[in-house]
Amino acid sequence: MDELLQEFISETQETLEALAGEVVAWEADPSDRDRLDAIFRFFHTVKGSCGFLNLPRFERLSHAAEDVLSEIRAGKRGADPATVSAVLGIMDRIGELTEAVAIGAALPSENDDFLIGALSISSADVAEPAVQAVAASVAVARQGGVQSGPRTIRLPLSLIDQLMNGVSDMVLARNELSRKLRERSADPELDNVFERLSTCVADMRDVISKTRMQRVDRLFAAIPRMVRDLGRDLGKRIDLTLEGGDVEMDREMVEMVVDPLTHIVRNSIDHGIETPEKRRAAGKPDAGRLRLEARQSGNQIVIAIADDGAGIDTARLVDKAIAAGRLTPEAAKRLSEEDRLDLIFQAGLSTANQVTAISGRGVGMDVVRANVERIGGVIALDNHPGQGLCITLRVPLTLTIIPGLIVRAGGQHFAIPRSAVVEILHDNNETLYISEVGGAKIATIRAIRHSMVDLEDVLGMEKPVQQGPRAIMVVRSATGVPFAMGVSAVDNHEELVIRPASPLVMATGVYAGMTLPDNGKPMLLLDAAGLANAARLPNIIDDRAARQQGQEADAQAGVEMVAALRFEELSGERRLLKLSLIERVEDIDAGLFGRSGGRAFVRLDERLVPVANGLSQFDRAKVSALRLRDDRREACYPVAAVLDIVQMPAVPDMVAMHGMLSGVAVVDGEHLEVINPFALFAGLPEEALVERARGRCVLADSGDGWTREILAPLLRQAGHEVVLGLPGDCAVDPDDVVLCTEADAAQAAEIMGCRVVHLRASPRPTGPQDGSIYRYDQDALMAAIAGRRA
């Protein structure tokens, strides 16, 4: 009995999916006897099966619908909208009951009498305004006459999955065997046997892959019913055309595409197609046209959803984005039409005037794009304002075996779907320029700027030092904004068998599964959307290529520009500083720089001037420096080189307050950080700098030739002031350091209150208590002088 019940449930659910569209098509063409007979047979079969399965509610509902359909077949009653709605209601209730029986839940307790009673009411009996004014005309393109279906058997999905996993393991074993054979000497006879085996495995994989395939008809099954119901609710007439239902795709892919497709169709009906009154005013037919087409293109399934409605009002989208704080008015002016259209994929943005049960909450198209790209697909818009919109989905044929690229990063290998990669080039390519702006990397490829990350940084791995160039991949993200990702190398491309990774790995959000390539080592599959989220990349196209052209337009549009000095920091960054703050530029001796109280200074004109960027030690004799001044203070800013004077916006193109930086400006196509003068002068000390007195090195053994000819020149070269012999007037400073080799001189120095460094001629100390320093140990000598003076 359990097997019979399970068979009944499976057949009923499958038939219900197919019949929902058939009922709507029959309503549009009541003379279609084939469809009427198919609907009648469904209820007749359900009624006949319920008797010995003890399902009285199923029997009562199906019997009532069968009686009404029998009258229609006999010509005693017409197929009016009210009757069709009642029949659809009966089918929905049977579907609910079937689902409850399948999962072992309690049956819904709703009263079936209301549904059965609705079958006896026709549009002629009751003048329903909703039926008369909102009836939707739905014409479904027929795929041909009724044909006898192929012979089939029913198998559990778990068995098909098990078969597919077994074939995947066979593919991996074949790859491993192939690698082993390549490592050995050639044996033509063995190679021929292996080729036969490879052909058999490939054929078996293809055949078993087809067992997972389902016709796109299943994807389209619920569309006619949804179009009919929404058309009635919204007062719109819609002509629906479905094509390509015989195209096959992986059953998992069908399940993944159902939700995005449903949302797009609902948007087309709600936002796109106008009411009959508005369509007449625009010179269009009363009934809007909605067309769904599926076709196979290589290893992809292409699904196009086109309507002849109003299209997308991009100006309205921009206004919504500005009002939501997602876009500044200045950046909005520089957006191209394509960038404006991409705003539809931003979360929280909707073109609806009000929130309804259908749409308007701004939750939808962002999720559609994320879901499509999560399975390796892409979504494209072809917008014609006032004429219609076409949305194209391109998704892989199957999720189990996908083409992928093998990349190397941090000494490990990772896989990434080939569909997620737009372009691959090396970092020494002439069309690529990588710069660091505000602590972030920007990759400019043929004048198009992309946010850039290194895969090692996102995954928390150490970036290895390599001799050759790194590979830069332009990757599609879930938001539609491509980003550049640096890896050590792209090693190979393969057909990858994808399997789920452990929950702990998937919880990181940057992986889409795991795979076993030809080398047999497990490898993680990267998720492009997860990488973009983990790196916190921007999810909106702000300016991109239009920024450079917009800069020239800004000057003509009255954007305030100021003169600025473009210079290069000693650390290599190129920055801007407002020219009016710079008093002069000069070269300064590196020896004039020092530190006092932890602050850097430079001696200029017998006074100490603070150094704004805190640098005091340089690897060159002369240092270029900017002399800066506000109303009462001055500062010095050492730089590597002064480049030129340019015009920059008074307000940076991207405001990002960070340390001494106020943002980023684009000059001649180059991103340059802008020095914030407020932060620069705020960081200067209020009190005047006072240089600490430098202690002297007093050489007590002045008559010794080694002290006079070797030690004294060494100390002078190190920058110390040297005094030969102990001062007779005892004029010493606490910072002075006495260096001596004789014990008597050391005692005399201690009596005078001087600090003492005792030197010895022997490399080895005389004992544990010997605190002297070997006189040729230069590092220990200098450390002792510095330590005592500290």
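Helix α10 (residues 223-234) passes helix α11 in a right-handed crossing, a crossing being right-handed if the near helix is turned clockwise from the far one by less than a right angle and left-handed if anticlockwise. Helices here are DSSP runs of H or I with at least four residues, and strands are runs of E with at least two, numbered from the N terminus. The model is predicted: local features need pLDDT of at least 70 and side-chain atom pairs count only at pLDDT 80 or more, whereas totals for chains, interfaces and linings use all residues. Residues are numbered from 1 along each chain as its sequence is written, and side-chain values use heavy atoms, with hydrogens and water left out.

The axes of α10 and α11 lie 10 Å apart at an angle of about 30 degrees; axes are lines fitted to C-alpha atoms over the stretch in contact, and angles run from 0 to 180 degrees between N-to-C directions. The two helices are therefore roughly parallel, the term for angles under 35 degrees, while those over 145 degrees count as roughly antiparallel. In the contact (heavy atoms within 4.5 Å), α10 supplies I223, M226, V227, L230 and L234, and α11 supplies L261, T262, V265, R266, I269 and D270.

L261 and V265 also belong to the largest nonpolar core, which has 50 residues; together with V257, L290 and L292 they touch the most other members. Such a core is a set of buried Ala, Val, Leu, Ile, Met, Phe, Trp, Tyr and Cys residues joined through side-chain atoms within 4.5 Å, where buried means under 20% relative accessible area (1.4 Å probe, protein chains only). Helix α11 (residues 251-272) gives the most to this core, with seven residues. Apart from it lies another core of 33 residues, including L19, F42, F43 and I72.

I72 also takes part in the contact of α3 with α4, alongside R57, F58, L61, A65, V68 and L69 of α3. Helix α3 (residues 56-73) and helix α4 (residues 81-103) pack at about 155 degrees, with their axes 10 Å apart. That angle makes α3 roughly antiparallel to α4, and their crossing is left-handed.

Finally, S662 lies in strand β29 (residues 661-667). With 10% relative accessibility, S662 counts as buried. Beyond its neighbours within four places in sequence, S662 is in contact with P652, M654, V655, A656, M657, V674, I675 and N676.

Key. Parallel < 35°, antiparallel > 145°, perpendicular 65-115°, else oblique.
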